[in-house]
Amino acid sequence: MSLSISSDRPHVENTEATEQVGSAMRLPAWLPRSVFLGGIALTAALFVWGGWERRWIADDGLIVLRTVRNLLAGNGPVFNAGERVEANTSTIWTYLVYAFSWITQARLEYVVLGIALVLSGGAIVLGMLGTGALWRGLGRGAAGSSAGRSAGSAPATLLLPAGALAYIAVPPARDYATSGLESCLVIFWIALLWLLLVRWTQRPPTTASVLILAFVAGLGPLVRPELVILAGLALLMIFLAPGTWKLRASIVAVAGAVPVGYQIWRMGYYGLPYPNTAVAKDAGGAKWGQGFTYLWNLVGPYWLWLPLLVLVVAILVTRPWSGAGAAADTTGGSAVARWQSRLRTPGAVVAVILVTGLLLMIYSLRVGGDFMHGRVLLPVLFCFMLPIAVLPIRIPAREDWGKTRSTALFAVGAGAWLITVIWAISVTNSSGMPNGTVVGKSGIVDERNFYALNTGHPHPILAEDYLDYPRMRPMVEAIANTPDGGLLLPAAAFTYWDVVPPPEPIPEGGAGHTVYFLNLGMTSMNVGLDVKVIDQMGLAYPLAAHTKRLDDGRIGHDKALYPDWVVADTGMVDIHPWLPWYMDEDWVADAKVALTCPETQEVLASSRGELTRQLFIRNFKRAFDYAKYRFDRVPAYELQRCNLVPPPPVEPR
């Protein structure tokens, strides 16, 4: 059973003419194309509308905007000025937002919202165009095999929205159509690569078209690091396909120019081989049990297996590729040549996208998924839905109705499409997590509803909306009330912050403020760039990022640096009564000594030291070692690990 097509262009044109003549007795010649394009427009419009109805920007989405603010201010791609930390997982998303913000000079939150809706709708359009091209190409061979039939017997095929409808029906898909995160860019890139790969199998490839395909594929790791899976498979396929060695060398050069160039710069500038978020979350760790919990958290409530199963069965039963010819002559030549020619076929492209979905799912299961309901599995779902984004339904010729197998096949296809539509309507407004605003045992929450509830805004978009989140207004007030500066620590009560003051003498203009809090986005976007914002998990704080992972911690939040380290690191007053009552002076003293550990000092210098040529080279050489470095979050244990002499106990006062 071959999923390949004919590259005989004159034969295709005659086939299309036959279809049009035959269909004219039953359906207007323009109807199949109009149904297809109308289905694309309707599905994309529904997705954009659904995304708008559930519009919001997550706290994590606001983290990106802090980096963009620093870029616009000339501080570089950093979260805090003076400390080189890549706090955003998607490089392209960061610079895309920066570019449009610089061009439009519009408010950052609105720039993000506009880009997200355009990319989300565009992903549906490109994905359905690619799948439509796939089925039309496969169907030409089948129609060509019946060209000898009378014109009145030629069937017509309608391409109806199916898998695409199933994707947009899932509530998390519409939640992350906006959100300020890179989810919209991820599915847009996957859809674009899918369309280009399908086109690559259907036309004699030109050098320009192959290099454009290679360039787009090469961007995958910069969209999200794990998309190197799809990028690598796609590049391997086009590299090994029939072609000259000169073209293959060009593919490598064009695909690698941007990601390799950025990787060299990243390792020298940040001192890490991947974003700091991967260090903070220990993306190489394994939490399989939590991963399966996360998978069922998405699949179970929406019965996601149902549309996938129904549509796949319909495709296998109706076999819309039957009779399709080969994309290249595989009957002659060596075994290697025949194998290479099969790489440039629709079957190979479908296999690549499905294998990618499977590998992405396995990766997500291994790392334990995420704390946001459905978010990191959306690319997996999108990959699985792409080959069935539209469903080909062949309309039997007039004389075949009720008499032949073609009528039964039409009934199977139409029934599968109807079941999918009914399922999509039923889950559109369902709640996969009825108690999703509560952080339960699984650690997974309905992130959008969580922030809508806790801010009191149905659509929290602007940074000011998050001032109504607990602790945010008191944070702003605490900064205003302490002009000398200090370290802000969240108190047990939500109405105030503990402020550890800086030591005297206070420099003119104050010593500056540092906010230490888990929610980096809402804090950093409601203060000036002169206020340093860091977190105990380490997304924007290298010291916390390099601590060891807590085995029983909440997924995505399983690092927690004690505030004693922050007092020691920032140089604030380290004795009572200026220290909060719950902090131990001995722990702070131990942390001060522990910070002198040579390995720790070197890792911190990679992001804090002046970026000289020598430091850039050292960072580049040792980036992988820095990424693996971990220390104990208990200061006394860290002293033992680093063979440091503990300081004398602090005398009671």
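This briefing goes through selected helices, salt bridges, a surface patch and some backbone features of one structure. The model is predicted. It holds 19 salt bridges, and four of the residues involved, E83, K532, D569 and R608, are linked in a network. A nonpolar patch on the surface is formed by W288, F292, V355, L358, L359 and I362.

**Helix 19 and A414**

- Helix 19 covers residues 405-428, and its 24 residues should span 34 Å at 1.5 Å a residue. The C-alpha atoms at its ends are 35 Å apart, which agrees with that expectation.
- The buried residues of helix 19 are T407, L409, G413, A416, T420, V421, W423, A424 and V427.
- The cover over these buried residues includes helix 6 (163-169), helix 7 (171-175), helix 14, helix 15 (305-318) and strand 2 (390-395).
- A414 also belongs to helix 19, and it is partly exposed because its relative accessible area is 24%, which lies between the 20% limit for buried and the 50% limit for exposed.
- A414 and P392 are 22 residues apart along the chain, and their C-alpha atoms are separated by 9.3 Å.

**Helix 18**

- Helix 18 runs over residues 378-385 and is mostly covered, with 7 of its 8 residues buried.
- The buried residues of helix 18 are L378, P379, V380, L381, F382, C383 and M385.

**The nonpolar surface patch**

- Together, the six residues W288, F292, V355, L358, L359 and I362 have about 520 Å² of accessible area.
- Helix 17 provides the largest share of the patch, 4 residues.
- W288 sits in helix 14 and is partly exposed, at a relative accessible area of 40%.

- Side chains of opposite charge can pair when their charged atoms come close.
- R608 and E83 form a salt bridge in which the closest N and O atoms are 2.7 Å apart. R608 is in helix 26 (residues 598-608) and E83 is in the loop between helix 3 and helix 4 (91-104), so this pair ties together parts that are 525 residues apart in sequence.
- Within that pair, R608 is partly exposed, with a relative accessible area of 28%, whereas E83 counts as buried at 3% relative accessibility.
- D282 and R630 form another salt bridge, with 2.5 Å between the closest N and O atoms. This pair links distant parts of the chain, 348 residues apart: D282 is in the loop between helix 13 (276-280) and helix 14, and R630 is in the loop between helix 27 (613-628) and helix 28 (635-641).
- D282 counts as buried at 16% relative accessibility, and R630 is buried with a relative accessible area of 18%.
- K592 and D574 meet through their side chains in a salt bridge of 2.6 Å, N to O. K592 lies in helix 25 (residues 585-594) and D574 in the loop between helix 24 (563-570) and helix 25, so the pair ties together parts that are 18 residues apart in sequence.
- K592 is partly exposed, with a relative accessible area of 34%, and D574 counts as partly exposed at 23% relative accessibility.

**A buried charge without a salt bridge**

- D60 is found in helix 3 (residues 59-73).
- D60 is buried yet has no salt bridge, and the nearest side chain of opposite charge, that of K281, is 5.0 Å away. A salt bridge requires a nitrogen and an oxygen within 4 Å.
- Apart from its neighbours within four places in sequence, D60 is in contact with L181, F371 and M372.

**Backbone features**

- Most residues other than glycine have a negative phi, and most peptide bonds are trans.
- The peptide bond from E504 to P505 is cis, with omega near 5 degrees. P505 lies in the loop between strand 4 (497-500) and strand 5 (513-516).
- A cis peptide bond also joins H576 to P577, with omega near 10 degrees. P577 lies in the loop between helix 24 and helix 25.
- S179 is not a glycine, but has a positive phi of about 75 degrees. S179 is in the loop between helix 7 and helix 8 (183-202) and counts as buried at 0% relative accessibility.
- R471 is not a glycine either, and has a positive phi of about 85 degrees. R471 is in the loop between helix 20 (447-455) and helix 21 (472-480) and counts as buried at 16% relative accessibility.

Notes. Residues numbered from 1 in each chain as written. Predicted model: local features only at pLDDT ≥ 70, side-chain atom pairs only at ≥ 80, totals over all residues. Heavy atoms only, no water. Helix = DSSP H or I, 4+ residues; strand = E, 2+ residues; numbered from the N terminus. Buried < 20%, exposed > 50% of the residue type's maximum accessible area, 1.4 Å probe, protein only. Patch = residues over 30% accessible without salt bridge, like charges linked within 9 Å, V, L, I, M, F, W, Y side chains within 5 Å. Areas by Shrake-Rupley, 256 points an atom, 1.4 Å probe, with all protein chains shown as cover. Lys, Arg positive; Asp, Glu negative; His and termini not counted. Contact = heavy atoms within 4.5 Å. Expected span 1.5 Å × (residues − 1).
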